[in-house]
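Please open the structure in your viewer and keep the selection panel at hand. The stops below are meant to be taken in order.

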Amino acid sequence: MRHIVPLVLAALAILACPIAAQAQRGGGPGTSDPQAAGQLIAADPVTETPPGMQAWRIRYWTRTEDNRPVESTGMVVAPREAGPVRPRNVIAWAHGTSGVAQACALSTRADFFTVAPALGDMIRAGYVVAASDYPGLGTPGPTALLAGQETARAVIDAVRAARAIPGAYAGSRFAVWGESQGGHAALWTAAEAGSYARELTLVATAAAAPPTDLPRNLAEASDPNVRALLMAFVSYSWSERYGVPMGSLFNPINRGVASRLARNNCVELDATPRLGTMLGVLAIKEAIRDTDIATVPVWGDLARRHSVNPRALHGPVLIAQSVADPVVAPQVTRDFAHRVCRTRGLRWIELPGGDHARSAADSATETLAWLADRFAGRRLVNDCRRIPS
């Protein structure tokens, strides 16, 4: 148990905080096809925004992987200036893990404008930023953490919803940029956008510290506390969404511990976790010490199904990865990048140190310059030969 508090505080980059009260939900305007994918339900203006920004908290319709309509929430941010001559390009921001409970939606947080990395830079560059909370965060229903197709659809449909806000002037050309869980969502977006939203044009995909091979990612996080909390979130989320019994991973006591960790905690950097959270992480760490999810029936199949297929990616791709990331094992990301490079080029950014929570912020300058080049149609650079083996 030695150093458990420093490990949870410093290495997790996924810090648990008590869940706040659920926000009240209102109804949306009726339409001829009120549940169409990307249909905007409501856009509530945010009264207090940083200078130069205007923003709306949105609710909109998206689709599950079995094509059922489901509500999602999010935030749309645009420059506060006169309408442009041409529609604005859009960056779909896909955030990292915030939790798996309804109260964990980032769009409801007062610090949203500082949590989203380089948001000011994106707005000053003239982009509209569409940031999905993902289904189940901010809306009722199970959250499918790391469910590739569903999360990608929510990201894409946030862009569609943004286009329905008159003051945003969002166009049909977009890039997706995500971090951690959002990096996984971004790569899945690169696989899904062409067939799911033919009216949109995805010009580029940027993923910072993305989980790609989920069985390995869930097994190879270098800090066991990280692995324990992620396993609690994933197991509870997938159990609720797919009906997989948690009893195949935990005994009854630890099943309850994992469920409470998932239901009662949201991710908030720089927050101090409660003693109960730390003890719960310790219990789950011991429970999964010898567990390889890839070998557990059904769980392994789900992990493989939601891994990223490198051959399915479309369009230019950038990956940023720190060399000592304790949450997303760097070797897993490097191996994935090499698999991508068997069939296509890739922009690779290698970051020093191991600050998982700042992977997007630390690579923002290079990433935004690369995205600007993609919108402008400039020549691609291929970094495949520079990726370490």
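How many aromatic pairs does a search of the whole structure find? The search finds four aromatic pairs, where rings of Phe, Tyr and Trp (its six-membered ring) pair if their centres lie within 6.5 Å, and planes under 30 degrees apart count as stacked, over 60 as edge-to-face and the rest as tilted. This is a predicted model, in which local features need pLDDT of at least 70 and side-chain atom pairs count only at pLDDT 80 or more, while totals for chains, interfaces and linings use all residues. Residues are numbered from 1 along each chain as its sequence is written, and side-chain values use heavy atoms, with hydrogens and water left out.

Select Phe112 and Phe113, an edge-to-face pair with 5.5 Å from centre to centre and 85° between the planes. Phe112 is buried at 6% relative accessibility (buried means under 20% relative accessible area, exposed over 50%, partly exposed in between, with a 1.4 Å probe and protein chains only), and Phe113 is buried at 14%.

Next select Trp238 and Trp299, whose ring centres are 6.3 Å apart with planes at 15°, so the pair is stacked. This pair links distant parts of the chain, since Trp238 belongs to helix α7 and Trp299 to helix α10 (residues 299-305), 61 residues apart; helices here are DSSP runs (H or I, at least four residues), and strands (E, at least two) likewise, numbered from the N terminus. Trp238 has a relative accessible area of 0%, and Trp299 is also buried, at 0%.

Finally, select Arg305, which lies over the face of Tyr242 at 5.2 Å from the ring centre; a charge sits over a ring if NZ of Lys or CZ of Arg is within 6 Å of the ring centre and within 35 degrees of the ring normal.
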